[in-house]
Amino acid sequence: RLPGEAMTISVEFQPLVEGSADSQLIIQSNDADEPEVEVQLIGEGIMLPPCSFEVSPVSMGFGSIEVTRSVRRAFEIRNIGVDQCLVTAARLTPGTAADFSLPDGDIMSELIAPGAATIINVQYSPQTAGTHTGGVEFSISDPQSPFNIVDLSGTGADATLLIVPNDIDFGTIGFGCAARARLV
């Protein structure tokens, strides 16, 4: 590699038994100071029954957003079963426009208790005018649907009229009750 270039090495972990596992990834190079670098690999295999879950929403449209502004939205993975669900590797899909990000970072491994949910935040910050697309992929402990994608879309717009905020979330309000008025 040339100075300043980066290289990505993909490492997978697929446990065949329950329990802790550890190993090393040894990277050899022609670096005079460190010709060999050792990276510790640690994981744990657990046995879970198939997970029952719902994703809401299954796709996220951010609408038209003024270039250089940001909007954050979230989707939920809810465990609707009686056993724990294991969510792993929640990240942006390859080819997703750079205008999308996961502001809280990728999820490597998270257990969701029965009746509980995990929230994944997605941010859209268009840098250019035009349509941008992508997705968030995640794996879950369900052999019927182990790999899932939430589609993302948004349009960066050169705005001459600025409306702030872009959206208002009133939260959950009981029937017959009213939320406090908000200004746009």
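This short talk covers a sheet, a disulfide and some backbone details of one structure.

Good morning. Please note that this is a predicted model, in which local features need pLDDT of at least 70, side-chain atom pairs count only at pLDDT 80 or more, and totals for chains, interfaces and linings use all residues. Residues are numbered from 1 along each chain as its sequence is written, and side-chain values use heavy atoms, with hydrogens and water left out.

I begin with the sheet. Strands here are DSSP runs of E with at least two residues, numbered from the N terminus, and two strands pair if DSSP finds at least two bridges between them. An open sheet is formed by 4 strands in the order 3-5-9-7, with antiparallel pairing. Its edges are strand 3, residues 53-56, and strand 7, residues 100-101, each of which pairs on one side only. Between strand 3 and strand 5, the latter covering residues 71-79, the antiparallel pairing runs over 4 bridges. Within this arrangement, Phe 53 stands opposite Asn 79 of strand 5.

I turn now to the disulfide. In general, a disulfide is a covalent bond between the sulfur atoms of two cysteines. The working rule is a pair of cysteine sulfur atoms within 2.5 Å, and by this rule the count is 1. Which cysteines form it? The partners are Cys 51 and Cys 85, with sulfur atoms 1.7 Å apart. Cys 51 lies in the loop between strand 2 (36-45) and strand 3, while Cys 85 lies in strand 6, so the pair ties together parts that are 34 residues apart in sequence. The torsion about the S-S bond is about 85°, and the disulfide is therefore right-handed.

Are these two cysteines buried or exposed? By definition, buried means under 20% relative accessible area, exposed over 50%, and partly exposed in between, using a 1.4 Å probe and protein chains only. Cys 51 is buried, at 5%, and Cys 85 is also buried, at 0%.

Finally, the backbone. Most residues other than glycine have a negative phi, and most peptide bonds are trans. The peptide bond from Ser 56 to Pro 57, however, is cis, with omega near -10°. Pro 57 belongs to the loop between strand 3 and strand 4, residues 59-66. Thr 68, although not a glycine, has a positive phi of about 80°. Thr 68 sits in the loop between strand 4 and strand 5 and is exposed, with a relative accessible area of 60%. Ala 89 likewise has a positive phi, near 55°, and is found in strand 6, residues 85-92.

Thank you for your attention.
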